[in-house]
Amino acid sequence: MELHPYSPGPCTSLSLGGWPPILDLNILKRISGSIWFSIKVILFLFLYIWVRAAFPRYRYDQLMGLGRKVFLPLSLAWVVAVSGVSVTFPWLP
């Protein structure tokens with residue numbers, strides 16, 4: 001799936017907080033909200049392009065094998081670990 005040209009804006013709004021600065025400091029509040037939004041969009045695009053260039057594209061059979069051999073055992077181990085913590089420490093949420 002390719003990145004749509006208009007998707008960095010909604011991604012920035014939903015995951016990076018939108019217009020306000022990342023940290024709540026007085027010196028950062030002096031910069032305009034549109035500047036912060038632009039910085040976050042550029043950061044999102046840079047990271048997206050960097051990940052796409054750095055990691056190879058997997059074929060469908062490679063993804064299925066990765067899910068079956070790696071992610072399924074990891075997720076089952078995670079479920080066992082979390083259930084063990086919640087049984088051992090019932091006061092934790």
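This passage describes the fold, the surface and the side-chain contacts of one predicted chain.

The model is predicted: local features need pLDDT of at least 70, side-chain atom pairs count only at pLDDT 80 or more, and totals for chains, interfaces and linings use all residues. Residues are numbered from 1 along each chain as its sequence is written, and side-chain values use heavy atoms, with hydrogens and water left out.

Confidence was examined through pLDDT, the predictor's confidence in each residue, from 0 to 100. The chain has a mean pLDDT of 78. A value of 70 or more is reached by 71% of its residues. Among the elements, helix α4 (residues 60-88) has the highest mean, 88. Helix α1 (residues 8-15) has the lowest, 65.

The chain holds 4 helices and 0 strands. Helices (H or I, at least four residues) and strands (E, at least two) are DSSP runs, numbered from the N terminus. The order from the N terminus is α-α-α-α. The unreviewed UniProt entry annotates residues 33-51 and 71-92 as "transmembrane region". Such positions follow the numbering used here, feature names are shortened, and annotations may be inferred rather than shown by experiment. Residues 33-51 are 100% helix and 0% strand. The end C-alpha atoms of this stretch lie 27 Å apart.

Of the 93 residues, 12% count as buried. Buried means under 20% relative accessible area, exposed over 50%, and partly exposed in between (1.4 Å probe, protein chains only). A nonpolar surface patch of about 650 Å² is formed by L43, F46, L47, W50, V51 and F55. Patch residues have over 30% relative accessible area and no salt bridge; nonpolar side chains (Val, Leu, Ile, Met, Phe, Trp, Tyr) are joined within 5 Å, like charges within 9 Å. L43 belongs to helix α3 (residues 33-54). Its relative accessibility is 42%, so L43 is partly exposed.

The structure has 1 aromatic pair. The ring centres of F46 and W50 are 6.3 Å apart and their planes stand at 15°, so the pair is stacked. Rings of Phe, Tyr and Trp (its six-membered ring) pair if their centres lie within 6.5 Å; planes under 30 degrees apart are stacked, over 60 edge-to-face, and the rest tilted. Both residues lie in helix α3, 4 residues apart, about one turn of the helix. F46 is exposed at 52% relative accessibility. W50 is exposed too, at 53%.

The count of salt bridges is 1. A salt bridge places a side-chain nitrogen of Lys or Arg within 4 Å of a carboxyl oxygen of Asp or Glu. R59 and D61 form this contact, at 3.2 Å from N to O. D61 is partly exposed, with a relative accessible area of 47%.

Key
Accessible areas come from the Shrake-Rupley method with a 1.4 Å probe; for residues, only the protein chains shown count as cover.
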